[in-house]
Structures are given as C-alpha cells and as structure tokens.
Amino acid sequence: MEIFIFLALMIAMMWFVTSRGKKQQAAARDKLADQMVPGASVMTIGGFFGKVVDIDGDVVTLESPAGDETIWLRSAIKEVKEPPFAPIEDADDDSVVVPDDASALTAGDATDPVTSAHAGPVEERPVAQSDEVRPAGDDETEPGAAPRA
C-alpha cells in the first residue's frame with residue numbers, strides 16, 4: 001500500500017514540474033510576441049541582429065544594419081534585444097582628410113619607426129632541402145632516417 005502512495009506522489013510531482021515549465025515557456029512566447037513589433041531590434045537564434053520591418057503570420061522581415069532586408073521564420077527570433085554595437089550614423093564631419101593623389105602613400109622617413117620597418121625591399125629566402133615538396137608516391141628515404149613501413 002505504501003508503494004502506491006509513493007508512486008502517486010511521484011506522478012503528481014512530475015505533472016507539477018512539467019506543467020509549470022510549459023506555463024513558463026508559454027509566458028515567454030507571449031512576451032516575445034508582444035514585444036516584437038515593427039521597429040523593434042531583435043536577435044535570431046543564429047546571432048543575426050536586425051530591426052523588424054514587417055510581420056506576416058509566421059514570416060518576419062528583418063532589416064540588417066547595412067539596410068538589407070531578409071525574411072525569417074517567427075520561430076527563428078530568439079529575443080528582442082538591442083545590438084551590442086553602435087548604430088551606423090552618417091558622418092557629416094570633415095575631420096577625415098582624404099588626399100587627391102597618392103603622395104601620402106609613399107614610405108616615410110627612415111627614422112620614423114612606423115614606416116621604416118616596411119620601407120625597404122622584401123628579401124626572398126632561399127628554399128632549403130627540407131622545405132621542398134615531394135610527390136606523394138616518392139619512396140625514397142632521407143639519409144639516416146628509418147625506412148617507411
């Protein structure tokens with residue numbers, strides 16, 4: 001008789017735990033549906049960040065930070081979340097000066113540590129015997145090496 005009481009308690013506990021988990025999942029799903037409106041920033045399960053442009057049933061159109069629009073399933077949206085990077089803004093500021101010619105691209109003074117490391121010609125090193133590539137079917141062994149099995 002005691003085993004039936006224990007069994008009934010175990011079944012009741014499993015039912016309570018599973019129903020509670022389902023209720024929490026349903027609440028999270030409803031909260032996501034309420035927050036996912038056009039203009040909201042979202043993150044997909046793949047880590048893609050975008051702004052919701054349109055929602056049509058189970059299809060969500062997202063706009064990337066670059067302005068491209070992609071189509072996603074609603075189930076692929078993980079959460080409503082702002083991207084971890086700064087938004088792209090138009091820079092109207094003239095702080096960046098771009099030369100009209102390539103004169104700024106020449107090597108600098110030899111005493112300048114930043115440009116002097118790359119100012120000289122590149123030397124080619126000779127290929128050593130060990131660097132040579134041998135054909136796959138070459139059965140020759142190197143002197144002093146054990147024969148291959």
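## A strand hairpin and its surroundings

Strand β4, which spans residues 69–73, is hardly covered: of its five residues, the number that are buried is zero. Here buried means a relative accessible area under 20%, exposed means over 50%, and partly exposed lies in between (1.4 Å probe, protein chains only). Helices (H or I, at least four residues) and strands (E, at least two) are DSSP runs, numbered from the N terminus.

A word on the model before going further. It is a predicted one, in which local features need pLDDT of at least 70 and side-chain atom pairs count only at pLDDT 80 or more, while totals for chains, interfaces and linings use all residues. Residues are numbered from 1 along each chain as its sequence is written, and side-chain values use heavy atoms, with hydrogens and water left out.

**The whole protein**

The protein has two helices and five strands, and from the N terminus on they run α-β-β-β-β-β-α. Of the 149 residues, 11% are buried. Among contacts with a separation of 6 or more, 32% are between residues 24 or more positions apart; contact means heavy atoms within 4.5 Å. The protein exposes about 13000 Å², and carbon and sulfur atoms supply 59% of that area. Accessible areas come from the Shrake-Rupley method with a 1.4 Å probe, and for residues only the protein chains shown count as cover.

Strand β3 (residues 59–63) runs antiparallel to β4, and five bridges join them. Two strands are said to pair if DSSP finds at least two bridges between them. V59 has L73 as its bridge partner in β4. The hairpin of β3 and β4 leaves five residues between the strands, and G67 in the turn has a positive phi of about 105°.

Strand β2 (residues 49–56) also pairs with β3 in the antiparallel sense, over five bridges. In that hairpin two residues lie between the strands, and G57 takes a positive phi near 70°. I55 sits in β2 and has V60 as its bridge partner in β3.

| Residue | Relative accessible area | Class |
|---|---|---|
| S64 | 14% | buried |
| I55 | 25% | partly exposed |
| I3 | 61% | exposed |

S64 is found in the loop between β3 and β4. Leaving aside neighbours within four places in sequence, S64 is in contact with F48 and F49. I55 and P38 are 17 residues apart in sequence, yet 7.4 Å apart in space, C-alpha to C-alpha.

**Core and surface**

Which residues make up the largest nonpolar core? There are six: M36, V42, V52, V60, L62 and I77. Such a core is a set of buried Ala, Val, Leu, Ile, Met, Phe, Trp, Tyr and Cys residues joined through side-chain atoms within 4.5 Å. Not counting residues up to four places away in sequence, L62 touches several others, including V42, V52, W72 and I77.

I3, in helix α1 (residues 2–35), belongs to a nonpolar surface patch of about 960 Å², made by M1, I3, F4, I5, L7, L9, I11 and M14. Patches are made of residues with over 30% relative accessible area and no salt bridge; like charges are joined within 9 Å and nonpolar side chains (Val, Leu, Ile, Met, Phe, Trp, Tyr) within 5 Å. A salt bridge is a side-chain nitrogen of Lys or Arg within 4 Å of a carboxyl oxygen of Asp or Glu.
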